[in-house]
Amino acid sequence: MENENKEAHMGTVTIQHRTTIDPITCIGEEAGICWGANVEDKEGNYKRGVDCIKCNHGRTMEFPQIYLTLDGYSAKVIREFYTHIGGAPTRLQASTRYIDYTNFECVTPDSIGNKKEAKEVWDRFMSSVGDIVGQLKEMGIPNEDATNVLPLAYSTKVVVRTNLRNLVDMCQQRLCTRAYWEFRKLMKDILWGLENYSEEWENLIYDLNVFKPKCEVLGYCPERKGCGRKGKKEA
């Protein structure tokens, strides 16, 4: 999968070393314990893991864990990221109580960054927000209160623990061409990181093709306002 994380305004994804390096084998081994199989057979575990995935045994996909550091994405997209709570994921976010945001960075949409006048207005506003944070702190306002003026575009950092099943579900929703552009980029950045993390993650992406938008899963578009990539179910 091509890494699209090239723009200066985009963040970076780090796959932490705690991430399960052999997700398919992990699935097969855990399932094999319940089936009374020989889980010392690594090749058998891998084949069993593939079968579980192809048969859509979703619960087994909650065993492979994914630990991520997401740095430089907007608070707006991270807020939407938090809505995906399946499989009991957890996360921590950079503090607006202790970190100095008088000179914060932000994510600039291309629709604004590519228009000179719009970019000038944008930069002027973002700069003024940083100034206001500084002025409020000089007045004795606690940082945790002064940072309430931060816009949704400010860049933040989070650490996330999730699992394969949750990530598959997120991809079905957020790789849709009608999803918000930054979320699509974030999901592709995560997949690019996993692709380069281990061979089994690469196999999940390419050989098993588990990370895809819902129209490719269903064979039709369930959205009321589709993009035209797939036809409607009625058709």
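1. A quick tour to begin with: the chain holds 10 helices and 4 strands. Keep in mind that this is a predicted model. Read from the N terminus, the elements follow the order β-α-α-β-α-β-α-α-α-β-α-α-α-α.

2. On overall dimensions, the C-alpha trace spans about 70 × 45 × 25 Å along its principal axes. Of the chain's 235 residues, 43% count as buried.

3. Helix H8 is worth a look in your viewer. H8 covers residues 181-195, and its end C-alpha atoms lie 21 Å apart, which agrees with the 21 Å that 15 residues should span at 1.5 Å a residue.

4. Staying with H8, how many of its 15 residues are buried? The count is 11, so the helix is largely enclosed by the rest of the structure. Among the buried residues are Phe-183, Leu-186, Met-187, Ile-190, Leu-191 and Leu-194. The list of buried positions also includes Glu-182, Lys-185, Asp-189 and Glu-195, along with Gly-193.

5. Now to the surface, where Arg-178, Arg-224, Lys-225 and Lys-232 gather in a patch of positive charge. Lys-232 sits in the segment that follows helix H10 (214-218). Its relative accessibility is 32%, so Lys-232 counts as partly exposed, the class between under 20% and over 50%.

6. Finally, is Ala-235 buried or exposed? Ala-235 counts as exposed because its relative accessibility is 89%. This residue, too, is placed in the segment after H10.

Note on methods:
Residues are numbered from 1 along each chain as its sequence is written. This is a predicted model: local features need pLDDT of at least 70, side-chain atom pairs count only at pLDDT 80 or more; totals for chains, interfaces and linings use all residues. Side-chain values use heavy atoms; hydrogens and water are left out. Patches are made of residues with over 30% relative accessible area and no salt bridge: like charges are joined within 9 Å, nonpolar side chains (Val, Leu, Ile, Met, Phe, Trp, Tyr) within 5 Å. Accessible areas come from the Shrake-Rupley method with a 1.4 Å probe; for residues, only the protein chains shown count as cover. A salt bridge is a side-chain nitrogen of Lys or Arg within 4 Å of a carboxyl oxygen of Asp or Glu. Lys and Arg count as positive and Asp and Glu as negative; His and the chain ends are not counted. The place of a charge is taken as NZ of Lys, CZ of Arg, CG of Asp or CD of Glu. Helices (H or I, at least four residues) and strands (E, at least two) are DSSP runs, numbered from the N terminus. Buried means under 20% relative accessible area, exposed over 50%, partly exposed in between (1.4 Å probe, protein chains only). The expected span of a helix is 1.5 Å times one less than its number of residues.
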